[in-house]
Amino acid sequence: MLRLEAVSVAYGGLRALDGVSLDVAAGELVAVVGPNGAGKSTLFRAISGTVVPHAGRIAFDGADLLARPAHARAHLGIAHVPEGRRVFPSLTVQENLEMGGATAAGRAARAELFARIFALFPILAERRGQAAGTLSGGQQQMLAIGRALASAPRLLLLDEPSMGLSPAMAEAIFDAVRALRAEGGLTILLVEQRVGDALAACDRGYVLEGGRVVLHGAPAELAPERLRHAYLGV
């Protein structure tokens, strides 16, 4: 479904991604882990179109994503839940979801999609008229995921969904991710600092370090000692 070939991104002469290649098959949950500054968020921005690679190729179902502007990628079925949630604080929960559902697919199946979102996150149904900025951090993360689901995505990019959350709320978010995976029909690319949880949930994993893929494979192939070397250099 998604293929990156030798993708490189630089900011002000500093290379954030350096020849990254990865594949995500339809229906998979693929995790991307690595230390801070490894290039994980830049990877997602390159896929969603908010940064432009200076080298490489990104294809989605065979289509050249680099030839498509960011807004067109959402209509192809790519939804990006960014690091830090970034909900619209002055809009209500309902209005945030409606903003996410502005794609043609989202508009066509709005009732069904909203029912699915409210079943996954009942607190959002209870607070649909509440301003998003008044929600707790965990509730805002639920809303950010719900807003992405409202677009009827085929590929969901989840960037650090547990960041800044209490252990209990982070576990609730991972329960939701596991539920989405169990439903089937949705492909998920997950960036996460909670390495154990990410690898336990995924079909395959990639480890980024210094903007490069240094390890990849099934969770069982990503041995603890190899991960320790990637994170700590020991």
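A residue is called buried here when its relative accessible area is under 20%. Please keep that cut-off in mind as I go through this predicted model.

I begin with helix α5, which spans residues 110-120 and holds both Phe114 and Phe118. Phe114 has a relative accessibility of 7% and therefore counts as buried. Phe118, at 12%, is likewise classed as buried. How many aromatic pairs does the model contain? The count is 1. The ring centres of Phe114 and Phe118 are 6.2 Å apart and their planes meet at 80°, so this pair is edge-to-face.

A polar atom of the Gln140 side chain lies 3.2 Å from the backbone oxygen of Leu135. Leaving aside residues up to four places away in sequence, Gln140 is in contact with Arg85, Val87, Ala132, Gly133 and Leu135.

Where does Pro53 sit? It occupies the loop that runs between α1 (40-48) and β4 (55-60). Its relative accessible area is 11%, so Pro53 is buried although it belongs to a loop. Once residues up to four places away in sequence are set aside, Pro53 touches Val7, Ser8, Val9, Ala46, Ile58 and Leu66. As for Leu43, 10 residues from Pro53 along the chain, the C-alpha atoms of the two are separated by 9.5 Å.

Thank you; I welcome discussion.

Conventions: Residues are numbered from 1 along each chain as its sequence is written. This is a predicted model: local features need pLDDT of at least 70, side-chain atom pairs count only at pLDDT 80 or more; totals for chains, interfaces and linings use all residues. Side-chain values use heavy atoms; hydrogens and water are left out. Rings of Phe, Tyr and Trp (its six-membered ring) pair if their centres lie within 6.5 Å; planes under 30 degrees apart count as stacked, over 60 as edge-to-face and the rest as tilted. Helices (H or I, at least four residues) and strands (E, at least two) are DSSP runs, numbered from the N terminus. Buried means under 20% relative accessible area, exposed over 50%, partly exposed in between (1.4 Å probe, protein chains only). A polar contact is a pair of N or O atoms within 3.5 Å; within protein, one must be able to donate a hydrogen and the other to accept it, and residues adjacent in sequence count only if both atoms are side-chain atoms. Contact means heavy atoms within 4.5 Å.
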